[in-house]
Each structure stands twice: as structure tokens, then as C-alpha cells.
Amino acid sequence: MLEKYYTVKGYGEAEIVIEKSRFICYVNRATTEEEAIRFIQEIKKKHWDATHNCSAYLIGEHDQIQKANDDGEPSGTAGVPMLEVLKKKGLKDTVVVVTRYFGGIKLGAGGLVRAYGRAVSEGLKTTGIVERKLMRIMQTTIDYTWLGKVENELRSSVYRIKDIHYTDQVTIETYVEERQKETFIAWMTELTNGKSRITEGDVTYLEEDVKG
């Protein structure tokens, strides 16, 4: 599993008009090729009357699966430029479809490359990008007398609280980077005067919005 990577936040869409042609970009996250193909088919069904429904996707930790489809546009003028935008952004597990309704004015090969690339860029702005960081869930169990202090310290620290479970004691689940585990345990032990029980939970990804 990658320590961190970028992907799209989820579904999004954007539309631009160039020389009277409408370019509508649809973006989504896809962790398998089946998901990507299903999404492309949904858009094609929605826009069955469009001139073109061009698509691109890349999937896998090392972009093992990469596909680009010009859907009738001149070879290399649509799908590949769309895929290149995803690569330049460093995105993974992402699928894009650009639907074109021809407006009567031909754009030429260079114009098409720019148009499809720009459509994807606009779609990504609408959707938003997230960084996914691999984290260990650390579970800290304490008596209720320690809750206020520990929660306040955690919320003002570099660590992110995932959840708090209230039973006869309190268990706080915290996202901690693998390399910070020992530091976290030492800090929490000192913070609670050794009155906490700290255990390791699952490994999962924490998503944070990327600005700009």
C-alpha cells in the first residue's frame, strides 16, 4: 500500500463552450477497471445523442491500468490529452469522460487537444482533489477523569481523532502515521501519567483536501 497518493474527491462535472461546441466533463473515482467502464457507459447512455463521448482512466498504485478512447475524434486528439492531464496532476484511481456536442466549427488537431485537456482541468477544479495518507488507528483507553485533558491535547496536536467510544471507560481512536507510532505512545503515556492503555488498530487511509 502506498504511503500517500492523490485522487479525486468524488463525482463532479463541468462544461465549457469552444467555437460553439459544448464540452461537458464528468469526473469520478474508480478503484477498479470495472467501475471505470461502468461510469463511462452511464455517461454514454445519458448522452446517447452526443457527437463524441471520449474517455480516459488510470487505476492502480502504480497506474497499472491506463486507457484512453477518442470515440471517433482524430486519433490522439481527445483520450490521450485527457489522460495526460490526470498524469500531470499525479492522480490515481480516476476516470474522466468528456462529452462533445459539435457546434459546426472544426477545431483542428491542436484545437481538439487543447479543448479536451482544458475540459478535464475544469472538471477537476469542480470535483476537488484529496491526498490519501496511510494511517494506523491507535486506540487509547482511559478513565473518564482523563477525557477532557486528553481530548483537548489531541485536538490541538498534529494527530486527528477518528472516533470516541464511551463505555465503562473511554476509547479514543486516533489516526497516526506508522513512523510516528512510538512517538505517539510515549507522548500519550506521559500525558496520562501511564494511566492509559494504548493498542494498535487497523491500517486505513485518511483523506485531506488539497488546496488550490
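Reply: Two strands pair if DSSP finds at least two bridges between them; strands (E, at least two residues) and helices (H or I, at least four) are DSSP runs numbered from the N terminus. The model is predicted, so local features need pLDDT of at least 70 and side-chain atom pairs pLDDT 80 or more, whereas totals for chains, interfaces and linings use all residues. Residues are numbered from 1 along each chain as its sequence is written, and side-chain values use heavy atoms, without hydrogens and water.

Me: Why are E4 and E6 called paired?

Reply: Strand E4 (residues 52-59) and strand E6 (residues 94-101) are joined by 7 bridges and run antiparallel; at least two are required, so they pair. His 52 stands opposite Arg 100 in E6.

Me: What is the strand order of the open sheet?

Reply: The order of the 5 strands is E2-E3-E6-E4-E5, with antiparallel pairing. Strands E2 (12-18) and E5 (65-69) are the edges, since each pairs on one side only.

Me: What makes a set of residues a nonpolar core?

Reply: Its members are buried Ala, Val, Leu, Ile, Met, Phe, Trp, Tyr and Cys residues joined through side-chain atoms within 4.5 Å, where buried means under 20% relative accessible area with a 1.4 Å probe, protein chains only. The largest such core has 25 residues, and Phe 23, Met 82 and Val 98 are among those with the most contacts inside it. Helix H3 (108-127) is one of the elements giving two or more residues, and H3 supplies the largest share, 6 residues. Apart from this core lies another, of 16 residues, including Trp 146 and Ile 198.

Methods
Buried < 20%, exposed > 50% of the residue type's maximum accessible area, 1.4 Å probe, protein only.
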